[in-house]
Amino acid sequence: VFFLSFFSEEPLLLLMSLIGLGMAAGPIQPINAELSCDITYPGDETAVESVQQIGGNMISALLVPVAEFASRRDYLLLPNNPLLESDIRGDCLLLLTVAALTMAYFSTFDAPLARTMADRRSGSDPSTIADISDLLPSKISESPSPPVQQI
Amino acid sequence: MAHRTKSSMSWTILWTSIVLVIVVGCTLGSNSSLVHAAFSSHHRRHPLRQTWAPAILTRLVNSPKTIPGTWDSKNLIQWQLFSQNPWNEDHIHNNDDNENPAPDDDNILSLIDSTTGEDVQPRVYPQRWIQLACLSALALMSDWICFSVAAAPETYELVYQHSSASLIDLFLFTNVASCFLVTDVVAKIGLERAVKNSAVLMTIGCWLRSGIAFWNPIATTTTTTTTAAVAAAAAAASSSSSSSLLVSYPWVVVGTILVGAAQPFFQCTPPVLSALWFADTERATSTAVALNFNQVGIATAFLVGGAMATDVPGLAHYFGLIAIVCTIVTIATLWQFQEEPPVPPSASELEKKISGKKEPPFLESVQKFFQTRGFSKALAAFICSISITNIVGAFIAEIMERGGITDRLQIDLSGAAFEFAIVLGGILIGGYVDRTKKYKFVTLACLAATLFTIIPLGLTEHRIGQGQYASDDSKNHVIHE
């Protein structure tokens, strides 16, 4: 709130938020594209990305008219505080809701990273993996990556 | 107005230069041996492939077991390879007549190059950056074409009497339909042929949209910058020399459909390109670059299109510029793009190739994916991200006006900054994920940051969010509950 009030009365806040949003929301796509390829290994990477593109384009196409409708709605924030009193458009509330629901759903993610484990184990012997927990995302970063020759 | 026009032209030159730098880098970035290899149409003529040619396959058994988390090339899957198609399952034999190449507890396998007697380890080649540049440039072009008239729809709509939004809709519908085919096509003809053919298809679509009349120097002398002048030019379009610069509407539709059909081959292939060419410590970064570079195409459309497509000759020249740049990118792709490296870049890809597993049909893969634990969660995060960036991009003008940024050029520049931030964020954060593999932590952190940064985009009045430069118009249409 202090941050917001510090930049009040200036378009700078909007511009910084826009750039910050791009840097935060943009990378989620490729990271989760790679994550999906990792957990579905040895599945077809093209099929994984096709599913994501179809789903992403269809859902966003459905959400655009909803966001357009919501952008005409306006809601008051902190009406009893003269310093921080503001209002917010419905389209941003829609995006906030989508992001919050996704965050709650994604927080339960705990699938094994099959491809990363295939890269990290030096042999291809599944029996060398002592515990299924070694495959989980929380454990995977502890294993060093093998060297790759640079040609 | 003159100042804005001058600035717009400067941005046009800048953006065109960026695109050309990418293309030139793609074309000239390789060393001579790879250029030589690129001219040859088959991988057997690649100099590195020649090294593998005499390899013959045997299988070593009863090798020592591996220690988890360590890297010992002797404990790799140990094969020697046939020359013509080293990954072909038919060429893999072993001395215990077991045709199943999957390893078991007693048989630890690795790759051996019989010409040198040394183990083959995963390796990466400089060519991978050329591959990435080609695919990124194609992705940029495809979205530039898709949103080409979105920044200055007045001229297009007055000339063709159809909305620019309907053209984008047509493009996107074709795109979704083509997405269902891309997996099976790539599996059938390979990545190289699929990408090259799609690039040619996109180029044909561009030329159908532009025609060749934009070269006509006589008809391009008219310069109009105001909407009224555009309307006047459009009204006289059927009889004036300007109209001859543009193709008829059906050709624009057909061209757009071709480009829309080609785009999924650049949108859906970045992960497979990363898997085939990049080490496991580079995959997220390369996917981020190729996947997000279409955002640069959207920014290009708004900056270049907004500056050029202000009148009929300008629109014709704009379509012509797109066709020329697309042709250059396609030529670079035909020249440089390759199927796969001689040796896979990672142990996982090595293992996948040796297994000889053929990819199932798309619908079968989809069913399998949704049965995989965690897939739907990653899909939800992907959809959330693409929805937010698409919606913010679609309503960028309204969002900026809420904060007091009302000048058209400033809005375009803000939109471009947003698109560039997406690419930059992908490179920076993708690099971190490559090093740590902390997919979950990074995704949750990005979603939290997204929540935090969305809020100011919706703030409209009172102390926060409404700048001193805001026009009264931006306040008047707010509906209070």
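## Close-up views of a two-chain predicted model

**View 1. An arginine sits over an aromatic ring.** B:Arg209 lies over the face of B:Phe319, 5.0 Å from the ring centre. A charge sits over a ring if NZ of Lys or CZ of Arg is within 6 Å of the ring centre and within 35 degrees of the ring normal. This is a predicted model: local features need pLDDT of at least 70, side-chain atom pairs count only at pLDDT 80 or more, and totals for chains, interfaces and linings use all residues. Residues are numbered from 1 along each chain as its sequence is written, chains are lettered from A and ligands numbered from 1 in the order in which they are written, and side-chain values use heavy atoms, with hydrogens and water left out.

**View 2. B:Trp144, B:Tyr318 and B:Phe319 form one aromatic cluster.** Rings of Phe, Tyr and Trp (its six-membered ring) pair if their centres lie within 6.5 Å; planes under 30 degrees apart count as stacked, over 60 as edge-to-face and the rest as tilted. Over all chains, the count comes to 9 aromatic pairs. The ring centres of B:Trp144 and B:Tyr318 are 6.4 Å apart and their planes meet at 50 degrees, so this pair is tilted. The pair links distant parts of the chain: B:Trp144 is in helix H4 (residues 127-146) of chain B and B:Tyr318 in helix H13 (residues 312-336) of chain B, 174 residues apart. Helices (H or I, at least four residues) and strands (E, at least two) are DSSP runs, numbered from the N terminus. How do B:Tyr318 and B:Phe319 pair? They are stacked, with 6.2 Å from centre to centre and 25 degrees between the planes. B:Trp144 and B:Tyr318 are both buried, and B:Phe319 is buried too. Buried means under 20% relative accessible area, exposed over 50%, and partly exposed in between (1.4 Å probe, protein chains only).

**View 3. The largest nonpolar core has 123 residues.** A nonpolar core is a set of buried Ala, Val, Leu, Ile, Met, Phe, Trp, Tyr and Cys residues joined through side-chain atoms within 4.5 Å. Which residues touch the most other members? They are B:Met141, B:Trp144, B:Met202, B:Phe266, B:Tyr318, B:Ile388 and B:Val392. H4(B) gives the most to this core, with 12 residues. Leaving aside neighbours within four places in sequence, B:Met141 is in contact (heavy atoms within 4.5 Å) with B:Met202, B:Ile322, B:Val325, B:Cys326 and B:Val329.

**View 4. A:Glu34 forms salt bridges with A:Arg115 and B:Arg283.** A salt bridge is a side-chain nitrogen of Lys or Arg within 4 Å of a carboxyl oxygen of Asp or Glu. Over all chains, the count comes to 14 salt bridges. Between A:Arg115 and A:Glu34, the closest N and O atoms are 2.5 Å apart. A:Arg115 is in helix H6 (residues 114-120) of chain A and A:Glu34 in helix H3 (residues 28-39) of chain A, 81 residues apart. A:Arg115 is buried, and so is A:Glu34. The bridge from A:Glu34 to B:Arg283 spans 3.9 Å, N to O. A:Glu34 lies in helix H3 of chain A and B:Arg283 in helix H12 (residues 283-308) of chain B, so this pair joins two chains. B:Arg283 counts as buried, at 1% relative accessibility.

**View 5. B:Glu398 and A:Arg89 meet in a salt bridge.** The N to O distance is 3.2 Å. The pair crosses between chains, from B:Glu398 in helix H17 (residues 396-402) of chain B to A:Arg89 in strand E2 (residues 86-89) of chain A. Are these two residues buried or partly exposed? B:Glu398 counts as partly exposed, at 23% relative accessibility. A:Arg89 is buried, with a relative accessible area of 2%.

**View 6. E1 and E2 of chain A pair in the antiparallel sense.** Strand E1 (residues 73-77) and E2(A) pair over 4 bridges. Two strands pair if DSSP finds at least two bridges between them. A:Leu76 stands opposite A:Asp87 in E2(A). In a regular strand the side chains alternate between the two faces of the sheet. Both faces of E2(A) are covered: A:Ser86 and A:Ile88 are buried on one side, A:Asp87 and A:Arg89 on the other.

**View 7. B:Ser164 is in helix H6 (residues 164-189) of chain B.** B:Ser164 counts as buried, at 7% relative accessibility. Leaving aside neighbours within four places in sequence, B:Ser164 is in contact with B:Val149, B:Pro153, B:Tyr156 and B:Glu157.
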